[in-house]
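Subject: Structure for you to look at

Hello,

Here is the structure I said I would pass on. Please have it open while you read the notes below it.

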Amino acid sequence: MKEIILIKNGELTLKGLNRNSFEDILIKNMKKRLNDLGKFEFSKSQSTIMVDPVDEGIDLDDAADRLSKVFGIAALSRACVCEKDFESIKATAAEYLEEQLEDAKTFKVNAKRSDKKFPMKSPEICRELGGHILSKFHNLSVDVHKPDITVTVEVRDKYAFVRGNNIKGAGGMPTGTSGRAGILISGGIDSPVAAYMMAKRGIELCAIHFASPPYTSELAEMKVLELLKRVAKYSGVITTYVVPFTKIQEAIRDLCPEEYFTIIMRRIMMMISEKMAVSQNCSALITGESVGQVASQTMYALACTDCAVNIPVFRPCIGMDKEEIIAISRKIDTFETSIQPYEDCCTVFTPKHPKTRPQIDDVVEAENKIENLNELIEDAIHNAKKVIIR
């Protein structure tokens with residue numbers, strides 16, 4: 001039996017005249033994701049992309065799992081190719097879906113007759129194929145509302161396809177269709193979720209992580225890289241920069257009022273991230289901040305942070321509570337890594353009584369006490385370590 005994977009691309013169908021370019025980018029992303037599994041051929045037809053394995057022995061379980069995490073895919077299904085003949089369709093459905101049909105209690109049949117020359121109309125295909133399945137599998141009954149399995153037949157120009165239930169895709173827009181942005185990534189729960197959410201809208205990610213040895217450990221850095229690997233299963237390749245931040249944090253500690261430590265640290269992180277992001281053709285920054293979650297995430301503090309840069313700052317978690325963020329982190333398999341007890345530089349020199357309603361003039365005055373700040377920023381950027389996450 002010849003088996004392929006059928007891709008349904010969801011909201012790309014709404015893109016009108018631009019749809020082909022979006023689909024081409026989606027196919028490019030799928031090719032990258034399947035590259036090491038073997039050779040595949042890709043073709044487009046009527047809002048469906050067909051993924052046809054060319055090499056023998058390709059693991060289609062692995063292929064389907066990888067494709068289910070590619071943004072831009074609403075749903076996918078493994079399907080069997082057969083001749084455009086109803087006897088062939090009957091035999092294929094009973095044999096190809098035998099295991100699923102034996103395990104189910106209820107079913108229904110859907111038919112999509114794209115080739116209007118096919119002698120049987122869709123209702124007739126459903127009726128006759130349903131009767132054949134009932135005669136073969138006595139454990140089954142028909143349920144057209146909530147069946148355990150939906151048997152779908154698609155009659156197209158050259159062949160017919162028989163498939164079972166759809167596999168839910170990652171949804172969203174293909175990565176790379178909405179530009180590039182820099183994600184400030186920490187070892188916490190929030191920033192990997194923010195990265196995932198913006199990648200889902202088609203944004204290609206460039207990650208910036210700040211390390212402060214000896215106050216932060218190598219294990220903390222490894223933890224962040226592992227988090228990015230999990231996000232990359234959805235987003236694709238993430239170019240990552242690990243920025244040395246120790247000298248800057250020590251300067252903040254030694255020269256600035258304690259209540260402004262955190263807000264000044266966040267502003268300088270944003271300054272560095274903007275420079276690095278722009279150098280990588282990024283048009284925005286992304287953070288995992290949520291209003292009111294900690295002292296540095298009040299509306300007043302966020303406003304002071306934004307004043308440090310001249311490009312947009314996206315905060316997809318801004319109106320979410322912790323439980324909502326945790327739910328997404330569990331879904332994308334970052335939660336257990338995020339809660340590992342390796343602290344990042346955001347916990348270094350935390351003030352006892354941080355300013356929750358800072359005024360920008362007071363913050364800038366405190367920040368200016370670091371007279372060689374520009375030199376420290378350039379030094380941190382120059383010594384950043386580049387890592388490619390796949």
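Of the 390 residues in the protein, 54% are buried, where buried means under 20% relative accessible area, exposed means over 50%, and partly exposed lies in between (1.4 Å probe, protein chains only). This is a predicted model, in which local features need pLDDT of at least 70 and side-chain atom pairs count only at pLDDT 80 or more, while totals for chains, interfaces and linings use all residues. Residues are numbered from 1 along each chain as its sequence is written, and side-chain values use heavy atoms, with hydrogens and water left out.

The whole protein

The C-alpha trace spans about 85 × 35 × 35 Å along its principal axes. The protein has 14 helices and 15 strands; these are DSSP runs numbered from the N terminus, with helices being H or I of at least four residues and strands being E of at least two. A contact here means heavy atoms within 4.5 Å. Among contacts between residues at least 6 apart in sequence, 79% join residues at least 24 apart. The accessible surface comes to about 18800 Å², and carbon and sulfur atoms account for 49% of that surface. These areas come from the Shrake-Rupley method with a 1.4 Å probe, and for residues only the protein chains shown count as cover.

Strand β3

Strand β3 covers residues 48-53, and five of its six residues are buried. L6 stands opposite M50 in β3, and F40 stands opposite P53 in β3. The hairpin of β2 and β3 has two residues between the strands, and Q46 takes a positive phi near 50° there. In a regular strand, side chains alternate between the two faces of the sheet.

Residue E259

E259 is in the loop between α8 (246-255) and α9 (261-279). Why does E259 count as partly exposed? It does so because its relative accessibility is 32%. Leaving out residues up to four places away in sequence, E259 touches P351, H353, P354 and K355. E259 and P354 are 95 residues apart along the chain, yet their C-alpha atoms are separated by 4.3 Å.

Regards

Notes:
Pairing = 2+ DSSP bridges.
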